[in-house]
Amino acid sequence: MNNMSAPFGVIEEPGKFSIQQRPEPVAAPDGWVLVDICAVGLCGTDYHIFEGKHPFLQYPRVIGHELSGRIAEDKAGWRKGDLVVINPYLACGACHACRRGKPNCCENIEVLGVHRDGGLTTRVSVPSGNLIAAEGLSAQQAAMVEFLAIGAHAVQRSGVTAEDKVLVTGAGPIGLGAALFARLKGAGVSLLDLDSKRLNLAKERFGLTDCYSDIATALENNEGYDAVFDATGHKGAIEAGFCLVAHGGSYVLVSVVKEDITFSDPEFHKREMRLIGSRNALSGDFDWVMSAIRDGSIDTDALCSEVIRLKDLPDRFADLSADRSGIIKVIVELET
């Protein structure tokens, strides 16, 4: 039986996005399930791939890792038509991290849309264990779960409580996710970003009114923050953020950069600061996000900047990548 042809959203090389016709999977191996994709969120990672800035990637690459879909066939306990969120982190299950219950930082991890082709297409084959039932969510909401889970995971890693003052540096989608879930923990949350558009969006859509555009103002009349989350993806911003952490506080690096990060050891030690890396998310983080969406604690309408069709994306991708300051989340709808 010949596979049917289907559209795939491909970054062929830096600066070149296209839709290519490729064979659509018609069968899934044992333990895997076919999923018909409903919606795909565009992520900063996708834009970095387009810009040639991602360190762990080979071109061409089918992008797309913020995915919702419907089960295409009854299999492995799933019923045809069930709406699911796809966890895009394919872990080996055997390495030290996996054995310790940390598949998010698996030594051999393959992330859909990064290390292997992703889900910006009509149908994919996914391990059954990477599917999460999305009852009570819309397809568009389900496509927002993964990026929010990254911020939720960072908040869980930090141990933030209602007694804490929190600062998030970088008010893009990941930073907003961290801010919103820190607020759900009861913490007082501030934002720091050089981009006034991003800060205004945070104020207007989410009531995050304690916003700063420079470090000096963020520290004015302030002993520092119990937890600082970096979501800037900028070496200089990460290094500058050490001084924002209060004595006894934590610095959580959510974003990742190619360069080495340096800091003053005396400043680090006198604060008895915790330096925490946060990567991807765990199943519990996905559950927390979906629960928050269901009960209205997270306003997905406010997060969604625009919904576009896959066929229109080649004409839009370069412009979306070039100016992201007024964008929180663009959702790509797949034709049915």
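In what order do the strands of the open sheet of six strands stand? The legends below take up this and other close-ups.

This is a predicted model, in which local features need pLDDT of at least 70 and side-chain atom pairs count only at pLDDT 80 or more, while totals for chains, interfaces and linings use all residues. Residues are numbered from 1 along each chain as its sequence is written, and side-chain values use heavy atoms, with hydrogens and water left out.

**View 1. The open sheet of six strands.** The order is E13-E12-E11-E14-E15-E16, and the pairing is parallel. Helices (H or I, at least four residues) and strands (E, at least two) are DSSP runs, numbered from the N terminus. Two strands pair if DSSP finds at least two bridges between them. Strand E13 (211-212) and E16 stand at the edges; each has a single partner strand, so one side of each lacks a neighbour in the sheet. Strand E14 (residues 225-230) pairs with strand E15 (residues 245-253) over five bridges, in the parallel sense. Phe229 has Val252 in E15 as its bridge partner. Helix H4 (residues 145-158) lies across E14, E15 and E16 and runs at about 150 degrees to E16.

**View 2. The open sheet of three strands.** Here the order is E2-E1-E4, with antiparallel pairing. Strand E2 (16-23) and strand E4 (61-62) are at the edges with a single partner strand each, so one side of each has no neighbour in the sheet. Eight bridges link strand E1 (residues 5-13) to E2 in the antiparallel sense.

**View 3. A β-α-β crossover.** Strand E17 (residues 304-309) and strand E18 (residues 329-333) run parallel and are joined by five bridges. Cys304 has Lys329 in E18 as its bridge partner. Between E17 and E18 the chain passes through helix H12 (residues 313-322), and the crossover is right-handed (with the strands pointing away from the viewer, the path from the first strand over the helix to the second runs clockwise).

**View 4. H1 against H12.** The axes of helix H1 (residues 44-51) and H12 come within 10 Å and cross at roughly 105 degrees. Axes are lines fitted to C-alpha atoms, for helices over the stretch in contact, and angles run from 0 to 180 degrees between N-to-C directions. H1 is therefore roughly perpendicular to H12 (65 to 115 degrees). Asp46, Tyr47, Phe50 and Glu51 of H1 meet Phe317, Ala318, Leu320 and Ser321 of H12; contact means heavy atoms within 4.5 Å. By class, the contact has five nonpolar, one polar and two charged residues.

**View 5. An aromatic pair.** The structure holds eight aromatic pairs (ring centres within 6.5 Å). One of them, Tyr89 with Phe286, is edge-to-face, at 6.2 Å centre to centre and 70 degrees between the planes; edge-to-face means planes over 60 degrees apart. Tyr89 is in strand E7 (residues 89-90) and Phe286 in helix H10 (residues 283-294), so the pair ties together parts 197 residues apart in sequence.

**View 6. Two backbone exceptions.** Most residues other than glycine have a negative phi, and most peptide bonds are trans. Tyr59 and Pro60 are joined by a cis peptide bond, with omega about -5 degrees. Pro60 sits in the loop between H1 and E4. Glu272 is not a glycine, yet its phi is positive, about 45 degrees. Glu272 lies in the loop between helix H9 (265-270) and strand E16 (274-277).

Key
Parallel < 35°, antiparallel > 145°, perpendicular 65-115°, else oblique. Nonpolar A, V, L, I, M, F, W, Y, C, P; charged D, E, K, R; others polar. Phe/Tyr/Trp six-rings, centres within 6.5 Å; stacked < 30°, edge-to-face > 60°.
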